[in-house]
Amino acid sequence: MNNVGLIYHPDYLKHDTGSNHPERPERLETMLQHLLQTPIWKQLHHLQPSLAAVEWIQKVHPEYYIKMIEKRCLAGEEILDDGDTHVCPDSYAVALLAAGGVLHAVDQVMNNTLHSAFCAGRPPGHHAETAKVMGFCLFNNVAIGARYAQLNHGVDRVAIVDWDVHHGNGTQEIFYEDPSVLYVSLHQYPLWPGTGALTETGSGKGEGYTLNCPMKPGSGEKEYLEAFRNRILPALHKFQPQLLMVSAGFDAHKDDPLANIQLTEESFATMTEMLMEISATYCGGKIISVLEGGYNLHALARSVEAHLTVLINETI
Ligand SMILES: [Zn+2]
């Protein structure tokens, strides 16, 4: 049995996105209530993070952008973009806490206290670009964690596998010219945000270090596992990551209201198993998984359970 951390803080519920917003506190409340009734609850190591130091946020986002978010949240603005990135006065601190959750996970896993960790934080991060709020995301939590692992723990090569149903435009943009971070995304395409074409493969020194696996609406486990076997696993073997991170959105579930992909809980379990094999080969079994989307409360809760069960037991 692996030591797996569940990184969570009750203050994650204070990020208030208003009524009828899909990215709502109930996502985490339902997930925790569900996990509490499963055998894995007692096997998980329950850890509370603290706020990320702004110094670490600045490794990904410029100071003016961080200050802009702080000022606009504290001023009581309710929407930070021209879409649906809703905030409240607490959102800036909660966003620092979401990034802090990933930093805590990196510390625990890199110090070998934990094999793996799942960061059950919000707001999510993978749409946040270097200096652009987008798609419910303020700071790019997984990108900040990857940089922290490189700068604070001496990791050279980080692979980020993003199976959220939406393309992680922010993570792609942040590392597009960087050969030290392999960014892999499976996502419905076409779908908002519109990026993530097969032809987007990185640029400059980062050419070949972005791997997009666009999926037609209606695709399911068969197409996802084919992409893993034919494209993603070979790319990971070639890259030989020292740390494997997962942008773990669960909105590619068949019951999710925001997209049209047909995965099930078992699909997430199988993808987790495949990544654990890669991690066992190159990363000492370490996986840091960071919650992104997932908007059917019960499908999200059950999918997280499946993902965590495999991280703990190596099978479902
Ligand atoms: Zn998503």
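**Cavity, pocket, helix pair**

I started with the largest cavity, which has a volume of about 30 Å³. (On a 1 Å grid over the protein atoms alone, a cavity is a set of points where a 1.4 Å probe fits but cannot get out; a pocket is an open set with protein on both sides within 12 Å along at least five of seven lines; lining residues have an atom within 4 Å of a point.) Volume here is the space filled by probe spheres set on the points, which are joined across faces, edges and corners.

The model is predicted: local features need pLDDT of at least 70, side-chain atom pairs count only at pLDDT 80 or more, and totals for chains, interfaces and linings use all residues. Numbering runs from 1 along each chain as its sequence is written, and side-chain values use heavy atoms, with hydrogens and water left out.

I found Ala98, Val102, Cys119, Gly121, Asn141, Val290 and Leu291 lining the largest cavity. Helix 5 (91-110) and strand 8 (287-291) are the elements giving two or more residues to that lining. (Helices, H or I of at least four residues, and strands, E of at least two, are DSSP runs numbered from the N terminus.)

Next I took the largest pocket, at about 180 Å³. Its lining includes Leu182, Thr201, Tyr209 and Lys238. Helix 8 gives the most to this lining, with three residues.

Then I checked helix 8 against helix 9 (residues 265-282): their axes, lines fitted to C-alpha atoms over the stretch in contact, come within 11 Å and cross at roughly 10°. The two helices are therefore roughly parallel (angles under 35 degrees).

Conventions. Axes fitted to C-alpha atoms, helices over the stretch in contact; angles between N-to-C directions. Parallel < 35°, antiparallel > 145°, perpendicular 65-115°, else oblique.
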